[in-house]
Amino acid sequence: MEQVLGNISLLFEFPVVNLKIIVDGVMVGALFALAAYGLALVWGVMNVKNLAQGDFVIAGGYVSWWLAGKGMPPLFGVPIAFIVLWGIGWVIYKLVITRVIERDLFTSLLATFGLAIMIAQILNLLFGSDTQSIQLEYDTLYFFDGFVDIPIAKLLGVLMAAVLATCVVIFMKTSRMGQAIRATAQDARAARVLGIDTEKVYAFTFSLNAAICGAAGAIIVMVWVIQPFYGIAYSIRAFVIVTAAGLGNLPGVISAGLGIGALEQYGAHIFGIGYQQAVAVLLLLLVLLVRLIQQRRMRQSLQ
Amino acid sequence: MTSIIDIQDVSKSYGGVVANAGVSMSVESGGITGLIGPNGSGKTTLFNSIVGYHPIDHGSIRFEGKEISKLPVQQIARLGLLRTFQQTRIYGAMNCVENMLISMPHRKMSFFDAFERNRSKDYERADVLLDFVGLYEKRFLRAGSLSFGQQKLLEFAMALMNEPTALLLDEPTAGINPTLINGLIDRLKRANTEFGITLFIIEHNMRVIMNMADKIYCLAHGRLLAEGTPEQIQNNQKVVDAYLGAH
Amino acid sequence: MNARQITLYTVLLAATLVAPFLFPDFRTQLATLWLMIIVALTWDMTGGQMGYNSLGNIFFYGTGMYVAAVIAIGLVYDVGEYTDAAGGGRFDFTDAQYFTGMLLGTIGAGIFCSMTAVVIGYLTFGLRGPYFAIGTLGVAIAAGELVSNWDWVGGGQGIALPVYPGDFDVGKLVFYYLFAGIGVVLFVFLKWLYSTRFGAAINAIRDDEAKAEAMGLHTLRYKLTTWAMAAFFVGMVGAISAFQLIHFEPLESAYQTINLGIFMVVCVLLGGKGTLWGPIVGAVLFHVFKEVTWNYLLGWQWVALGALIVITVVYFQDGLMGWLMHRKPEWFGIRVEEKTAGADR
């Protein structure tokens, strides 16, 4: 307990520490937000709550890592992971997801949970359970007498995430497929009646989501570490963000993502690194509780 | 002439759209009151407000003198105020008798009564009511396999099983084969006279409501447009305009 | 009950009693089979019967383990000291202390888990569908993470309980009968419960909760009671498991969300949600599948498990019992009428 109080007082004594925590948190939160955006996309269009989201991310990371081991420049890993995961996502859609879309929600949740277990275990078998990362030979920027350090690699990671997100958003707004996706999200039956091939839209959306996650994973492996069983943690964080921000609320998703990143770092600082996972899950419960209370006021239930 | 449901100056909006504005009416105890109005005039919203489906923005709703606008749906139902749904909701996986048995008035049972099996008198009452609505022969069929009209009758029987003091019916004759409507009107009237249940009915079928109601309220654009006996409403030019003008 | 049913149940009961003697090498597996049956039946109480699919029932299993351990150890020694020693040092338990600890620990676990079910349920039963599933999963994961950091109960190392005093094989027998006994009691209890108004009420909540509320059902009361009853049994088997495993850890043994936590769901899906025999049949099928694949699919067993979940969910959603009910509705007393044209009365 004294440890905790000591950590908190440190925040007040050295305000710079706050900045460090927030910067660290925001940088990792940007990638959470990316994964959350994909989750919200699939959720909004197909009403499928993909618990395998985090595992797509980790899988993308491994694709990039493995290729880097074969001598490929790490930065190319991002587009390649994007493409590879697109393909994997498409296959998974055709084999599994397409059959659970029209069913009740627990079915799709459980199906993706099963997929999450499979993917995590396959990665474990293929690549072992050690954490992996790609080391980039970039410098670190130091601010405030060395208290706040921003490795250029991480900064690049955040920039790439931002670029990817921008591309996706522009695509959704301007392209025909983007319009078809948004139409289907609003009312699938109407879209079908008007000639949109909803099956294609669903397959595209799911593959796009997998690809976004893959790219995010390729970024993460460069700036942090990956491990086959980290997937569920990312899935939970994506859920927290989408639940907090609501569907179709892009600025909300971004701020929630950054916020969660920062809150987690604060949790790790105040309570100790062993509590980081616990903080993430407790945030989930907190967000659910808050939403519940909001809904209660309107006499609805959270479903 | 006591009023069992007292609605005073009720307003409800949904995200900018005003569904009800300053609506006041009272439903006479033991009688049949009608609620009419063109589509979109706020009738179902008012019903939803009364049964506690959503909170109201302004106003007061009293049932048997008690303020209910802040209560949730279950509590209001347990006070004896029930409603039937426009889309007819029944428990599709159970058969008709089971649907009836689950609709026994829970406010009259203690927590430990739930751990008993249903008694033969419960089954008898279910049979009597199913016979009352004409579903006796079909009572062991899965409720989900019944036709729409039969499900409506089942929902009505379930409501009766719950021994309500007042019953809100949302378009009870909608979607029913015209030849069966007379039978339904007859049963509704008997429920009112024999069982003493106050009825408050939303209807689009003018023949039905003019036949049954003691008093009718007409809504338009979320506001109360007119009230009176069936003859008064039929002769009210504003009501005629509201319906014809809406087309 | 008719004569056929009486014979059936007598045979099953006899088989239950003699099984560990017929298959003496498989005593532990048989005990585990009963464990699966119990967690499957209890999951189905809130899941298949009431429509609230929880992914966090494992929370009660883990909590039951810890509560029982704390009670059993705490009756004799200081818990903090015991866990600090982490297996070293001499902490002896007499036979009487062992068995008293196990008895009180098991009952205490059951009661404590029931109470926590009411508290947690009060907060989480406003969530429906997938939110309830994720919320309960979150509770189970959070518990595991928090307990791993709690040194008083051993932190990440877990707790090591005393070994069964006496012959090891007799011990296996004892644990088998404990699980089987609770299993039989649970089965009889549920068979009775589902025939009462309570059973009909929770089915109504599953079929159309809004309708049930609109008819004045005390939905929250039913939800909390059902979950509390399920938690009671799960807590107890968690407690007994702690003594059977001897040493358990927070994330791998107690709050094992990816193992037993999801097994219980798969068992019920395989056998058929919302039926009394479904979870039992499913548990048997699953247990056999697991035992077979674990040995032959070395390394790939988890992938096979994940695949089983996906395949079951996608292709066999109604489970075995559901399939049977579809094919032979007469066996279950379901009446299906032929649709004749214009049959409206």
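Mentor: Two strands pair if DSSP finds at least two bridges between them. Helices (H or I, at least four residues) and strands (E, at least two) are DSSP runs, numbered from the N terminus. The model is predicted: local features need pLDDT of at least 70, side-chain atom pairs count only at pLDDT 80 or more, and totals for chains, interfaces and linings use all residues. Residues are numbered from 1 along each chain as its sequence is written, while chains are lettered from A and ligands numbered from 1 in the order in which they are written.

Now the sheet in chain B. It is open, with 4 strands in the order β2-β1-β4-β5 and antiparallel pairing. In general, strands of a sheet pair through backbone hydrogen bonds, either parallel or antiparallel.

Strand β4 (residues 58-63) of chain B pairs with β5(B) over 2 bridges, in the antiparallel sense.

Next, the helix. Helix α1 (residues 43-51) of chain B lies across β1 (3-14), β2 and β4 of chain B. Contact here puts C-beta atoms, placed from the backbone, within 7 Å. The helix runs at about 65° to β2(B). Axes are lines fitted to C-alpha atoms, for helices over the stretch in contact, and angles run from 0 to 180 degrees between N-to-C directions.

For context, chain A has 12 helices and 2 strands. Its pattern along the sequence is α-α-α-α-α-β-β-α-α-α-α-α-α-α. The C-alpha trace of chain A spans about 65 × 55 × 40 Å along its principal axes.

Conventions:
Two residues are in contact if their C-beta atoms, placed from the backbone, lie within 7 Å.
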